[in-house]
Amino acid sequence: MLTAMSISRKLGLSFLLICAAALAMMVVLYTNFSAIREATVESNASQSLYARAQTLETSLLRQNSQLRGYLVTADPTYLKSYEEARVEYDATAAGLATVLSGAERDALLTSRRETLAWRRDWGDRLIARVKGGARAAAEDEVRGAGKAVLVSAAVLPLRAIRDAETSAIARNATRQEGAIAMGFAAMAVGGILLIGLAVLLAVLLARAISRPVTALTRTMAELATGRTDVTVPATDRGDELGAMARAVSVFQDAAIAKQAADAAKAQADVAQKLVVDTVSTQLARLSDGDLTARITADFPEDYAALRTNFNEALVRLHDLIGSVSESATAIRTGSGEIAQASEDLARRTESNAASLEETAASVTQMDGRLRASAVAATRTVERADQAIATVGGGRAVADEAVQAMGRVSDSAKGIDSVIEGLDKIAFQTRVLAMNAAVEAGRAGDAGRGFAVVADLVSALAMRAEEEAKRARDQLTVTQTDIVTAVEAVTKVDGALANISGDVAQVHELLATMAADNQAQSAAITQISAAIGTMDQSTQQNAAMVEETSAAARNLSTEVGSLADQAGRFVTARRGSARPAGRQMTPARFAGPVRNLPAAAVTALVRADDDWQEF
């Protein structure tokens with residue numbers, strides 16, 4: 001059954017069994033983890049309820065203690081703490097009432113009723129008495145009440161709620177421990193089962209797959225060494241190993257066929273060697289320049305086309321070399337005449353270039369002087385602009401000084417008003433001192449000390465009047481000086497305005513001169529550019545003529561070399577004779593075109609021109 005099943009199905013069945021075992025273990029673990037989570041949620045809820053009940057109890061005890069502190073000290077801080085505990089109790093009790101049920105809810109409602117009763121009978125009533133001023137009576141009432149003023153009746157139901165939640169927390173902890181123990185047991189048992197199942201499946205798959213693969217590999221190695229008489233195993237299997245075995249059988253048949261083909265190829269190699277040796281011999285003669293080296297031996301039928309094509313190519317090459325040799329002689333004569341004409345044209349072009357060079361140098365000097373004049377005029381205009389800006393800044397400073405003097409004058413007027421007020425205050429103070437002295441005289445001996453003080457106050461008031469008069473006189477002098485300073489600053493501003501007008505006229509004249517210089521410089525620049533263009537064209541013509549002359553000389557040399565090379569070949573018409581012809585060596589032109597001076601090149605050459613190729 002396993003041999004007829006494919007390897008993918010075997011592996012799939014094995015993985016399916018392992019997954020089924022793992023799924024069963026995961027179901028058990030999920031059940032235990034769900035129980036743990038449920039117990040944890042219930043435990044957290046019980047702890048939250050326990051904490052809220054603890055908060056209610058703490059709030060009640062805090063209200064009781066803060067009430068006693070307020071009764072003893074009447075400190076508002078205790079009253080504020082009492083109100084905070086009251087708000088905390090009410091909010092916590094309202095929230096807790098929405099989640100409790102049964103006996104715990106009844107206990108909460110009982111605590112709530114007792115708390116409200118305690119506030120009504122003791123807390124709020126005694127606080128109101130203290131606020132009304134009867135703190136001592138309130139203290140006596142508390143001392144006389146004894147345990148009746150305590151909050152035990154409201155606290156005991158809350159402790160019952162805490163006890164119930166403590167029991168619930170203990171039960172949930174026991175459930176968690178049981179679920180955890182069960183989960184560990186399920187993991188241990190499931191792990192052992194999975195390991196055992198994996199080992200069993202590994203043994204079965206090794207017997208069903210590994211052993212046949214080893215045998216098939218051994219057979220393939222023997223076929224690779226050249227043995228074709230081996231028996232291929234497992235060809236009758238229905239899985240992938242059977243398909244591999246049948247494929248190996250095909251390789252075995254191909255190896256047998258290859259041995260037969262090798263024998264036939266050995267016979268063909270003998271005939272091919274004969275063809276290769278013959279062609280190599282004739283190609284060696286051809287490489288030596290013998291164009292009569294034709295193939296006359298008989299080739300096998302498969303190589304007859306090679307013999308025919310070789311002989312036809314040799315005939316065509318023979319005719320081509322003869323034509324090239326005749327044409328080379330004619331081309332060499334014409335190239336010499338072209339070189340001589342190019343050299344004459346180069347001499348005339350050199351003369352034109354020298355004249356343009358002198359003209360360009362003169363124009364360059366004119367352009368340089370005009371540019372220097374334009375730059376100087378521009379700098380003078382900039383200095384005039386700076387002078388105008390400086391005068392404008394001086395006028396602005398003078399305006400600010402006038403405004404500052406005006407503000408100082410206004411401040412002096414305000415100070416005068418203040419001094420006048422101080423003078424009035426001193427006068428009234430002296431009058432009051434005189435009245436006080438009169439009253440002290442009426443009082444007799446009992447008013448002597450007061451009379452001395454009145455005399456001192458009167459003297460101080462008179463001194464204040466004198467100082468106020470001196471300050472008013474000094475302020476009057478200051479105002480006069482301020483008026484004089486304002487008039488002087490105004491005169492300075494007028495002088496600066498006159499200077500600014502004169503500098504503006506100078507600025508206009510200098511700007512006109514700079515514009516004229518720039519216009520003249522632009523015109524000279526255009527003329528210089530035109531001459532530069534002409535000089536560049538002349539230089540290009542000279543360079544092109546020189547290149548043409550050099551190309552003609554090179555052509556003559558190359559044609560001679562070509563004729564010599566063609567003469568090396570052996571042809572049927574003239575054997576190994578070389579073509580006879582006059583060897584013409586034209587004279588070279590030894591006068592190169594002179595370059596322009598550096599100043600002229602800087603002014604004439606444009607940025608987008610590239611003469612590197614010349």
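Let me start with a term: a patch here is made of residues with over 30% relative accessible area and no salt bridge, and nonpolar side chains such as Leu are joined into one when they lie within 5 Å. Keep that in mind while you look at this model, which is a predicted one.

With that definition, find Leu-13, Leu-16 and Leu-17. Together they make a nonpolar surface patch of about 270 Å². Take Leu-16 as our example: it sits in helix 1, which covers residues 7-73. Is Leu-16 buried or exposed? Exposed counts as over 50%, and Leu-16 has a relative accessibility of 54%, so Leu-16 is exposed.

Now let's step back to the whole chain. Of the 614 residues, 28% count as buried.

Next, a pair of helices. Two packed helices are described by the angle between their axes and the distance between those axes. Helix 2 spans residues 76-97 and helix 3 spans residues 102-131; their axes come within 12 Å and cross at roughly 160°. Angles over 145 degrees count as roughly antiparallel, and therefore that is what we call helix 2 and helix 3. The crossing of helix 2 past helix 3 is left-handed.

On to charges. Side chains of opposite charge can pair when their charged atoms come close. The count for this model comes to 9 salt bridges, and I'd like to show you a few.

Which residue does Arg-159 pair with? Its partner is Glu-57, with the closest N and O atoms 3.0 Å apart. Arg-159 belongs to helix 5, residues 152-224, while Glu-57 belongs to helix 1, so this pair links distant parts of the chain, 102 residues apart. Glu-57 is buried, at 5% relative accessibility, whereas Arg-159 is partly exposed at 41%.

Glu-57 has another salt bridge, this time with Arg-162, where the closest N and O atoms are 2.3 Å apart. Here again helix 1 and helix 5 are linked, across 105 residues. Arg-162 is buried, with a relative accessible area of 16%.

One more: Glu-88 and Arg-62 meet in a salt bridge at 3.9 Å, N to O. Because Glu-88 lies in helix 2 and Arg-62 in helix 1, the pair ties together parts 26 residues apart in sequence. Both are partly exposed, Glu-88 at 33% and Arg-62 at 28%.

Notes: Residues are numbered from 1 along each chain as its sequence is written. This is a predicted model: local features need pLDDT of at least 70, side-chain atom pairs count only at pLDDT 80 or more; totals for chains, interfaces and linings use all residues. Side-chain values use heavy atoms; hydrogens and water are left out. Patches are made of residues with over 30% relative accessible area and no salt bridge: like charges are joined within 9 Å, nonpolar side chains (Val, Leu, Ile, Met, Phe, Trp, Tyr) within 5 Å. Accessible areas come from the Shrake-Rupley method with a 1.4 Å probe; for residues, only the protein chains shown count as cover. A salt bridge is a side-chain nitrogen of Lys or Arg within 4 Å of a carboxyl oxygen of Asp or Glu. Helices (H or I, at least four residues) and strands (E, at least two) are DSSP runs, numbered from the N terminus. Buried means under 20% relative accessible area, exposed over 50%, partly exposed in between (1.4 Å probe, protein chains only). Axes are lines fitted to C-alpha atoms, for helices over the stretch in contact, and angles run from 0 to 180 degrees between N-to-C directions. Angles under 35 degrees count as roughly parallel, over 145 as roughly antiparallel, 65 to 115 as roughly perpendicular and the rest as oblique. A crossing is left-handed if the near helix is turned anticlockwise from the far one by less than a right angle, and right-handed if clockwise.
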